[in-house]
Amino acid sequence: MAERLSEARPKGYELGVKAAILRLISLLIPLSPDQPREESPYLERLKLVLNRVEQDYTHPLSIREISDFCGCSSSHFMRWFRQMTGSSFGHYVNERRLAYSAELLRQTDDKIISIAAKAGYDNLSNFNRQFKSRYGVTPGEYRKK
C-alpha cells in the first residue's frame, strides 16, 4: 500500500505512507525475539511517544523533553527508541517534518521559508539541505514538479 501511494502521490499521501509504516512496526514489534509476546509496557510507551511526536512535530522536540515524558534518561531513551523502531528519534522526527513540508509545498502557495517554519525548522539552509537529501530536489524544484 505504501508503495502504491508513493508512486501515485495523491493529496496527503505521506500520511498514508506513515500510517502504513506505523502499522508495519506495530505488527513487527510483537514478533521481535527481544520483546515479550503479550502487550508490553514498552509498546504502550512507544505508542505514547509516537502520538506525542504526531501532535508536536512542528515544534522543537528535544531528546531531554521526550525522555522526561517517558520517565527515563536521555541515553536510555535514545537506545530504547532505536531498538523499538530501528531509527533514531531525531531521524524519525525529521522524516515527519519533511513529509509535512512536502505536503504543504504541493497544497499551498506559501513561501518556502514559511513552510520550513511551520514544519518546525528554524534554519532555512538546514531545511533545504535536509529536504534535498530526502527528496533529491530542493523545495522549490519539488513544488514545480
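Predicted model: local features only at pLDDT ≥ 70, side-chain atom pairs only at ≥ 80, totals over all residues.

**The core**

Let's begin on the inside. The largest nonpolar core has 17 residues. Those with the most contacts inside it are Leu46, Val49, Val53, Phe77, Trp80, Phe81 and Phe89.

With a relative accessible area of 56%, Arg79 is exposed. Its C-alpha atom is separated by 9.5 Å from that of Phe89, ten residues apart along the chain.

H4 has three buried residues, namely Ile66, Ser67 and Cys70. They line one face of the helix, because they fall within an arc of 100 degrees when you look down its axis. The general rule behind such a pattern is that an α-helix has 3.6 residues a turn, so residues three or four places apart point the same way. The buried residues of H4 pack against H3, H5 and H6, while Arg64 and Asp68 are exposed on the other side. After H4 comes Gly71, with a positive phi near 80 degrees.

Ser67 deserves a stop of its own. This serine sits in helix H4 and is buried, with a relative accessible area of 1%. The side chains of Ser67 and Ser74 are joined by a polar contact of 3.4 Å. Leaving out residues up to four places away in sequence, Ser67 touches Cys72, Ser73, Ser74 and Phe77.

**The cysteines**

How many disulfides does a search of the whole structure find? The count is zero. As a reminder, a disulfide is a covalent bond between the sulfur atoms of two cysteines. The cut-off for a disulfide here is 2.5 Å between the sulfur atoms. Cys72 is in no disulfide either, with the sulfur of Cys70 as its nearest.

Here are relative accessibilities for some of the residues on this tour, with the class that each one falls into.

| Residue | Relative accessibility | Class |
|---|---|---|
| Ser67 | 1% | buried |
| Cys70 | 14% | buried |
| Cys72 | 15% | buried |
| Arg79 | 56% | exposed |

**Helix H8**

Our last stop is H8, residues 124–135. At 1.5 Å a residue, its twelve residues should span 16 Å, and that agrees with its end C-alpha atoms, which are 16 Å apart.

Which residues of H8 are buried? Phe127, Phe131 and Tyr135 are. These three are on the same side of H8, because they cover an arc of only 35 degrees around the axis. Exposed Arg129 and Ser133 are carried by the face turned away from that buried side. Just after H8, Gly136 takes a positive phi of about 80 degrees.

Terms used
Residues numbered from 1 in each chain as written. Heavy atoms only, no water. Buried < 20%, exposed > 50% of the residue type's maximum accessible area, 1.4 Å probe, protein only. Helix = DSSP H or I, 4+ residues; strand = E, 2+ residues; numbered from the N terminus. Expected span 1.5 Å × (residues − 1). Arc of directions from axis to C-beta. Core = buried A, V, L, I, M, F, W, Y, C linked by side-chain atoms within 4.5 Å. Polar contact = N/O pair within 3.5 Å; in protein donor to acceptor, adjacent residues only side chain to side chain. Contact = heavy atoms within 4.5 Å.
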